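Here's a quick briefing to read with the model open in your viewer. Take a look at the structure first, then go through the notes by topic.

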Amino acid sequence: MSRKQEVRDFIFENLHDHPHDVVRLMVERFEVSRQTANSYLRSLVDEGLVYGKGKTKARRYFLKDFVDKAFNIPVTPDLKEDMVWLETVQKYLRDYPKNVVSICHHGFTEIVNNVIDHSESPKMDIEVIVNALQIEMVIRDHGVGIFEKIQTDLRLDNKWYAILELSKGKLTTDAEKHTGEGIFFTSRMFDEFSIWSDDLFFRTSADNQDWIFEIEEKDLVLKGTCVSLFLDPRTTRTAREVFNRYEDEDSRFSKTHVPVRLAKYEGEDLVSRSQAKRLATGFEKFTEIVLDFRGVSIIGQAFADELFRGFQNAHPEIHMIYVNANQDVERVIKHVRLTGQVGQQLSLLDEP
C-alpha cells in the first residue's frame, strides 16, 4: 500500500470518532506537519469523499455518503429478488470491483428471497448507503419475526436458541425451497451482519465476533425482521473464498464454525448434558465442526463429556475441533477426552 493510500485510509477510519481533530491524529501517526496533514484532508474534500461543517476551530469533517436511498417494495407472489436487486442496489455499485459487487449481490438477494418466501409481510423497506468506508444495505420486513418463526417451527424453548441454529448453517423451515445455507454464508461474507427482530438483536463480524442483545425497552421492540449488511468496498475478500472455507472437494457444504456461547441463555453457564445436546443438534449434517469457545469462561464436565466423548463416539466420522478456549475450558475438554481414550483401552483389554 502506498503512503498516500495509507494516510487516506487512516482519515476514513478515524473521522467518525474524531471529526474535529483528525489532523492532529495524522500529525502524530505519520509525523508530518499540520500543513501536510491538512493538504491530505483537503484533497479528499475536493474529491467529494469528505465534507466539512463550521469555521476555523469549530470546523468538523465527515464522510460524505455518495448514496443514501430508501425504497418501499410491495411483496407479491410474483416478486423476484433479482429484480429488486436491479431496481434498488446494482446501479449504485457499477464502478466497484467484481468481488465487492458479487458479495453484495449474493447477500442482498438471499435476504430478500427470505422475506418473499418466509416473512408473510405485505411489504419490505430497503435502504442503501454508500460512502468511502462502507456499503450498507438494510432490508426490513413487517411480517413474522425470523426468531419467532424458527422457535415455532423447531419447537425451541426460547427465541434465543434460534440464533444458535442459524449460526450452524443448513437450517431451513422449508426444505423444498431452501437448503438453509443462505444466511450462514451471507453472514460470513460481510464485514458485519446483523438481525434485529422482536426484542433480540444479533450481530456477527467477519472475524467471528458475535454480540446478542435482549432489548428491554418496549418502544424499541421491532415487529418483523431487519437485516443489515455492511461491507468495506476496499475488501479483497471474494464470495468464492467464503464458500471454499466451508465446502469439501466436491463443493458440498460440509464444514461449519459454531460460536459455543450462543448455546447458553443470558446468565447461564454451560454445565449440563442437555445444553450440550442442544448445541450438537444438527451436527451430524457436517463432516467438520469448529467449536469456537470465545466468550465462554467455564464449562461443566457433563457438558464437555456429552460433546467430546458421547457425541464424538457416536459420530467418529465427524472431525470436531475447538478454538479460542481459555485454560479452564481446555482443561475440562482434555480431561474428558483422556477419560474416553482410557475407557476405550480398558474395554479392548477386557475382550477375550
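Of the 352 residues in the protein, 48% are buried, where buried means under 20% relative accessible area, exposed means over 50%, and partly exposed is in between (1.4 Å probe, protein chains only). Keep in mind that this is a predicted model: local features need pLDDT of at least 70, side-chain atom pairs count only at pLDDT 80 or more, and totals for chains, interfaces and linings use all residues. Residues are numbered from 1 along each chain as its sequence is written, and side-chain values use heavy atoms, with hydrogens and water left out.

**Overall build**

- You'll find twelve helices and twelve strands in the protein; these are DSSP runs numbered from the N terminus, with helices being H or I of at least four residues and strands being E of at least two.
- Along the principal axes, the C-alpha atoms fill a box of roughly 90 × 55 × 45 Å.
- Take the contacts (heavy atoms within 4.5 Å) between residues at least 6 apart in sequence: 67% of them join residues at least 24 apart.

**Surface and charge**

**Nonpolar cores**

- A nonpolar core here is a set of buried Ala, Val, Leu, Ile, Met, Phe, Trp, Tyr and Cys residues joined through side-chain atoms within 4.5 Å.
- The largest one has 80 residues, and Met124, Leu279, Phe283, Leu291, Phe293, Ile299 and Phe308 touch the most other members.
- Helix α5 (residues 98-119) gives this core its largest share, eight residues.
- A second, separate core has 19 residues, including Val23, Ala37, Leu63 and Ala132.
- Leaving out residues up to four places away in sequence, Ile299 touches Leu270, Phe293, Ala304, Val329, Val332 and Ile333.

**Helix α4 and its neighbors**

- Which residues of helix α4 (residues 81-88) are buried? They are Val84, Trp85 and Thr88.
- Those buried residues line one face of α4, because they fall within an arc of 100° seen down its axis; the arc is that of the directions from the helix axis to the C-beta atoms.
- They pack against β3 (67-74), α5, β4 (123-130) and β5 (135-141).

**Residues to click on**

- Glu31, in the loop between α2 (22-30) and α3 (34-46), has a phi near 55°, a positive value in a residue other than glycine. It counts as exposed, because its relative accessibility is 73%.
- Asp198 also has a positive phi of about 55° although it is not a glycine, but this one is found in strand β6 (residues 192-198) and counts as buried at 12% relative accessibility.
- Asn113 sits in helix α5 and is buried, with a relative accessible area of 15%. Its C-alpha is 33 Å from that of Glu13, 100 residues apart along the chain.
- Gly182 lies in helix α8 (residues 182-189) and counts as buried at 14% relative accessibility. The C-alpha atoms of Gly182 and Val227, 45 residues apart along the chain, are separated by 13 Å.
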